[in-house]
Each structure stands twice: as structure tokens, then as C-alpha cells.
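The following questions and answers examine a structural model step by step. Please consult the sequence and coordinates alongside the text.

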Amino acid sequence: MHLIEAKNLKKIYENEEVKTIALKKADFTVEKGEFIAIMGPSGSGKSTLMHIISFLTNPSGGEYIFKGNNTENMDEEERAEARNKEIGFVFQSFNLLPRTSVFDNVRLPLIYSDRPTNKHNELVNDAIKSVGLEHRKNYLSNQLSGGEKQRVAIARALVNDPDILFADEPTGNLDSKSGTQIMKILEDLNDEGKTVIMVTHERDTAEHAKRIIYLRDGEITKDIKVSNRKSSANGRELAK
Amino acid sequence: MRSFLTMLGIIIGISSVITITSVVAGAESLITNQIQGIGSNVIGVLPGKSDESGPPTAVLGVVITTLKDTDTEAIKKDIPEVIAASSYVSATDVVNWSNQKIVASIYGVSPDYPIVTDSAVETGNFFTEEHKKTNANVVVIGSQVNDDLFGDQNALGEKIKIKNHNFTVIGIMEPQGTSGFQNVDNMVFLPLTTAQNKVLGIKYLGFLRVKIDKEENTDYVIGEMENILRYKHNIKDPDKDDFSVRSTAEAQETLGTITQSLNFFLIAIVSISLLVGGIGIMNIMLAAVTQRIKEIGLRKSVGAKSKHIIQQFLIETIVISFIGAIIGIIIGILLSFGISFGVNKLGYNWDFVITSTSIVTACGISVLIGIIFGLYPAKKAAQYDPISALRYE
């Protein structure tokens with residue numbers, strides 16, 4: 001059973017004036033433990049594809065099969081549950097809660113989960129430790145650097161132990177050093193068995209992945225395995 | 001700041017509810033005390049007709065000249081259940097003694113006045129029928145008049161001047177405070193005919209009061225009084241009565257009805273204020289939802305369902321509304337205390353009343369307002385889809 005199976009996925013945005021085909025056709029599969037980069041120029045449909053497979057939006061056509069289950073008839077509540085339990089999302093602009101501590105930001109997905117409340121502290125502390133930010137646990141999000149914010153976002157994405165980590169341009173708002181640290185964290189997570197799917201328009205960043213899916217004008221043009229994958233020094237060591 | 005503005009309407013509305021319920025309770029207590037101070041088992045007659053439920057016309061300041069002292073005398077003579085009866089005329093005027101001058105209420109009354117009002121002379125005597133018959137220039141003064149004019153001096157035998165006439169002080173009343181919404185201690189009592197002829201220049205009465213032997217006889221005596229008055233005024237049709245007969249119990253009931261109506265009216269006004277407060281809450285929460293669209297998107301992206309978002313915003317609204325209610329209750333209590341303090345300073349016995357019912361009701365109203373007016377913004381917040389919300393600028 002594939003972790004993800006996408007068959008002829010489409011996404012059309014319509015309003016009264018304009019009809020936009022953001023994704024024309026996408027067919028691919030994802031296995032557990034893969035590290036995939038989805039690449040393409042602006043407007044290629046890469047973010048739209050990411051949003052569909054991460055349950056943030058419904059496809060307009062085609063089939064999306066997740067862990068062997070067709071998601072076609074999922075209602076919004078079921079998609080919300082999948083976003084909470086099955087996936088973790090890291091955004092380009094971090095999207096942390098302002099005026100809120102690192103601890104409370106990382107804890108956010110647990111509030112909507114059915115994990116017992118007395119386990120929350122332990123899970124949050126483990127997630128924060130996994131990105132090397134124990135010393136910043138009580139800092140407010142606006143007191144952190146860009147790299148630290150993204151690490152908090154990764155910890156938040158991991159706290160519920162999801163099957164897949166999605167990252168939308170994870171280094172887009174970071175300097176090169178912070179970007180390298182973030183990529184190393186993603187590599188290490190993948191080495192530990194986590195499936196990572198990342199969207200990027202930067203070749204340098206994409207080459208950290210083991211497989212690259214290219215999109216252009218809403219369609220997959222290439223789907224290749226990376227032979228000489230880029231690597232960094234231990235990301236968590238760098239982070240400290 | 002936004003939270004404070006959100007709750008301002010609730011603060012004003014709730015403090016008004018607490019103040020109004022306290023003031024009405026205090027007013028009812030005051031009215032009861034004042035009317036009971038007139039005297040027990042007392043029936044009053046005012047000139048002019050009124051229907052049974054409304055106030056007599058004379059109370060509204062209209063001068064009606066249909067009542068005479070002969071009416072009082074006939075009622076006392078012909079109804080055995082009437083144990084005392086007094087006519088009343090009144091004015092406010094300057095009272096002079098030596099180089100002292102005060103403004104006091106001048107009352108012309110019958111010798112039965114102390115019996116009717118359950119009052120007594122502390123020093124000296126009250127005037128008699130003889131004084132009344134001879135238009136004697138004698139006066140009995142209230143305790144405050146005594147203090148203000150004479151201080152530590154003995155007032156008995158001294159002459160005070162009202163409207164160029166000198167009157168000899170023959171008695172000083174016991175301190176009584178306020179009764180029938182009048183400061184009795186600041187009154188000066190003349191024999192009825194003396195007051196009519198020498199001070200007021202009138203032949204009619206302001207009103208008359210009688211004291212009856214037993215409360216159970218009230219309705220019967222009222223009937224008899226009406227019959228006597230119709231006979232003396234030559235009235236054949238009760239609809240053409242030129243007088244109003246009321247017992248203190250009826251007066252209390254009438255005033256009680258008025259205060260209750262006032263209560264409902266004021267509560268209705270306050271309800272409008274609470275409605276406005278609720279609309280204010282809704283507007284500000286809608287603005288808050290717009291400001292926090294990205295946060296909503298984030299929460300949804302990590303697994304929040306619509307019900308979680310609705311719950312979050314609804315709870316925020318209810319908490320703000322409830323805190324507004326607490327502040328409003330505190331302000332209401334302080335305002336009520338201030339009013340009670342002020343009215344007591346004027347000499348009235350005003351009870352400071354805050355009921356647990358009013359506080360619980362206020363808290364309940366605030367929660368209800370939070371729910372009703374918070375629901376729409378909360379539902380609107382829950383409708384955003386995560387992607388559009390996260391992209392919102």
C-alpha cells in the first residue's frame with residue numbers, strides 16, 4: 001500500500017469573473033520514508049498540489065488515496081482530523097502565534113488532538129528538544145530569530161508524531177546559514193524514518209531531497225530520483 | 001483597549017440594572033416608611049376627583065377649593081369610627097425672630113393634629129379648639145425650627161413673625177424626621193383659622209386627614225366619608241365627586257404601582273442599553289475576527305475544527321461580557337451607595353439595598369448577551385478555509 005496515491009488530480013479555482021486551472025493533472029505515488037522535493041516556477045501548481053495532499057484543500061477532480069483510503073468523500077471535519085493526526089505542516093512564513101511562548105506554540109496541535117492532557121508537557125518538551133531549542137522554551141515567538149522560528153514551526157509539526165511532514169518553501173525567508181540548519185533538521189528527520197515532502201523553487205534546496213517532482217503549467221513534467229543528494233553537518237548540532 | 005471598548009456597553013448596561021433595581025427597592029422602602037409615618041389607620045381626603053388607580057388631581061399641583069373645615073367637622077361628628085380629624089392648609093414662608101430668619105413650611109391644622117399623626121409636643125402644649133375659634137395668634141414649632149431660630153434659648157413665650165403678624169410660641173414638637181415626604185421638624189403649626197385668615201387669605205382646605213379606630217373599618221369609613229361629603233357638597237352622582245378619599249394603604253398601593261411601572265420603564269430603557277452593548281460586542285468581535293484571520297487559518301491547518309474555532313471566539317466573548325458585568329456590578333453598587341448616602345443626607349431614611357437576585361440576574365444577562373452577540377462573529381470565524389485565511393493580508 002502506498003502512503004500517498006494521486007490519480008489525475010485537478011484543481012480549478014472559479015469565481016464570477018475568472019476560472020483558473022491551478023493544477024491540470026497530477027499522477028504520482030509516495031512511499032513511507034521518502035524525502036520528496038516538489039519543484040517548479042511560480043504558478044506551476046506546486047503549492048496547490050501540496051495543499052491537496054496535505055488536506056488543506058479538496059481537489060476539483062481526480063482521486064487522492066491516503067494510506068489506502070479514498071479521500072473523495074471526506075468532509076471538512078475529517079480533513080481537520082487528518083491535518084491534526086496524519087500530517088505536520090511547516091510554512092514559509094513560520095506562522096507562529098504572536099505574543100505566545102515557544103512552548104505554547106508547539107503545543108497548539110495537541111489542543112485539538114485526543115491525546116490526554118497530562119501527556120502534553122512531555123510531548124512538547126520532546127519536540128522542542130528534537131530541534132535543539134530547549135533553552136528557548138519560554139521565549140515569546142517575537143523574541144526569536146528567523147531560523148529559531150522555523151525550528152519552532154518544525155517542532156509544532158512533529159509534536160503529534162505525524163506520518164508526513166510537509167514543508168512549503170521552508171528556507172524561503174531565511175538566510176543561508178539558517179536555511180542550511182533547517183534543511184539538515186529535515187534530512188535527519190527523514191533519516192529517522194519520517195516522510196518529508198517539501199515545495200521549493202530553489203534547486204539548491206531541492207537537491208537535499210532524494211526525489212524531485214517537477215511541475216510546469218499545472219502538470220508533472222519530470223519525476224526523478226536524486227543520485228548525489230546534498231547533505232549538511234548534523235543540523236541539530238549546528239542549531240545549538 | 002479593544003477588550004475595554006468591547007465591554008463598555010455591558011458595563012454601562014449592567015451598572016444601570018444594579019443601580020435601578022437598588023434605587024427602586026430603596027424607593028419602595030422609603031415610600032413605605034414615609035406613608036407609615038403619616039400615621040396608621042389614616043384616611044385622607046384631597047380636593048378634586050381622580051380615578052381609583054391614579055393620583056388625585058390636587059397632587060399634581062392644581063388648586064381646587066371644594067374642601068372646607070365644615071367637612072372635617074361633619075366627618076368627625078357623624079362617623080363614630082373616626083377618633084380624630086384634622087384639616088390642613090399649608091404654605092412656605094419666612095419666619096422671623098429677633099434678628100434670625102428662616103424659611104419654613106407653615107401649616108394650619110386642627111387641634112387633633114397630634115392624634116392623627118401619632119406625634120406629640122415635647123415642650124409646652126398644642127393649641128386647642130378655643131385657639132381655633134378665636135383665630136388666636138399662637139404657634140407650635142418643629143424641633144429644627146426651634147434649633148435654627150432659638151438655638152439654646154427657651155422658645156416658649158417668644159413671639160415669631162410671619163407675614164407681619166406676631167405669633168406666640170406655645171409648644172415645641174418632638175423630633176420626627178421626615179413623614180409623607182415632608183421634613184416635619186422644619187414645620188410651623190398654626191391654628192387652622194389663624195393660618196387661613198392671617199397668613200394665606202383663603203377659606204378652603206388643602207386636604208384633610210382622619211384617624212380611625214381600626215384598620216378593618218377602613219372601607220366602611222371611606223364609604224361613610226364619601227356619603228357625607230356628597231351630601232355637604234350637594235353631589236348626587238358619584239361620577240361628579242369633587243374630592244378623592246384615600247387610605248394610607250391605598251396610597252401606598254398606588255405609589256407602589258407607580259414605582260413598579262417606573263421600574264419596568266427604566267428596565268426597558270436599560271435593556272436598550274444592553275442591546276446596544278451587545279451590538280457593540282458583536283461589532284468589535286467581528287473586527288477581532290478579521291484581525292485574526294491568519295491565526296484562524298493557522299489553527300485550522302494544525303487540526304482545529306469549526307466547532308473549536310466557534311468555541312474559542314464564543315468563550316472569549318462570554319468572558320469579556322462577564323468581566324464587563326463584574327465591573328458594571330461594582331460600579332452599580334457604588335452608585336447605589338452614593339444615592340443612598342445622598343438621600344439620607346437630605347433627612348430621608350433611604351435603605352441601601354442590593355439583592356443577590358439582581359447580581360445573579362446581571363451575571364446571567366451578561367453571559368446571555370455574550371452568547372447571542374458572540375455567536376455570529378464566532379460562526380463567521382469558523383467559515384474561513386485554512387488556505388485563504390493563511391494568505392490573508
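Q: Through how many residues does a hairpin join β1(A) to β2(A)?
A: In this predicted model, β1(A) and strand β2 (residues 19-23) of chain A pair in the antiparallel sense over 4 bridges. Within that pairing, E14(A) has K19(A) as its bridge partner in β2(A). The hairpin that joins β1(A) to β2(A) passes through 4 residues.

Q: Which residue of β5(A) is the bridge partner of E5(A)?
A: Strand β1 (residues 4-14) of chain A pairs with strand β5 (residues 61-66) of chain A over 5 bridges, in the antiparallel sense. In β5(A), the bridge partner of E5(A) is I65(A).

Q: Which residue in β3(A) does I4(A) stand opposite?
A: β1(A) is also joined to strand β3 (residues 28-30) of chain A, by 3 bridges, and these two strands run antiparallel. In β3(A), the residue opposite I4(A) is V30(A).

Q: Within what arc do the buried residues of α4(A) fall, seen down its axis?
A: Helix α4 (residues 120-130) of chain A has the buried residues V124(A), A127(A) and I128(A). An α-helix has 3.6 residues a turn, so residues three or four places apart point the same way. The buried residues of α4(A) line one face of the helix, because seen down its axis they fall within an arc of 100°.

Q: What covers the buried residues of α4(A)?
A: The buried residues in question are V124(A), A127(A) and I128(A). Their cover includes two helices of chain A, namely α3 and α5 (146-158).

Q: What radius of gyration does chain A have?
A: The C-alpha trace of chain A spans about 45 × 40 × 40 Å along its principal axes. Buried residues make up 46% of the 240 residues in chain A. For 240 residues, a compact globule would have a radius of gyration near 18 Å, and chain A agrees with this, having 18 Å.

Q: Which helix gives the most to the side of chain A that touches chain B?
A: Contact between the chains involves 17 residues of chain A and 13 residues of chain B. On the chain A side, α2 (76-85) and α3 (102-111) each supply at least two residues. The most, 6 residues, comes from α2(A).

Q: How far apart do the C-alpha centres of domain 1 and domain 2 of chain B lie?
A: The domain assignment of chain B gives domain 1 as 2-33 + 253-391 and domain 2 as 87-210. Between the C-alpha centres of domain 1 of chain B and domain 2 of chain B, the distance is 52 Å.

Methods. Residues numbered from 1 in each chain as written. Chains lettered and ligands numbered in written order. Predicted model: local features only at pLDDT ≥ 70, side-chain atom pairs only at ≥ 80, totals over all residues. Domains from an automatic or database assignment. Contact = placed C-beta atoms within 7 Å. Buried ≥ 20, exposed ≤ 12 C-beta atoms within 10 Å, placed from the backbone. Arc of directions from axis to C-beta. Rg over C-alpha atoms; globule rule 2.2 N^0.38 Å. Pairing = 2+ DSSP bridges.
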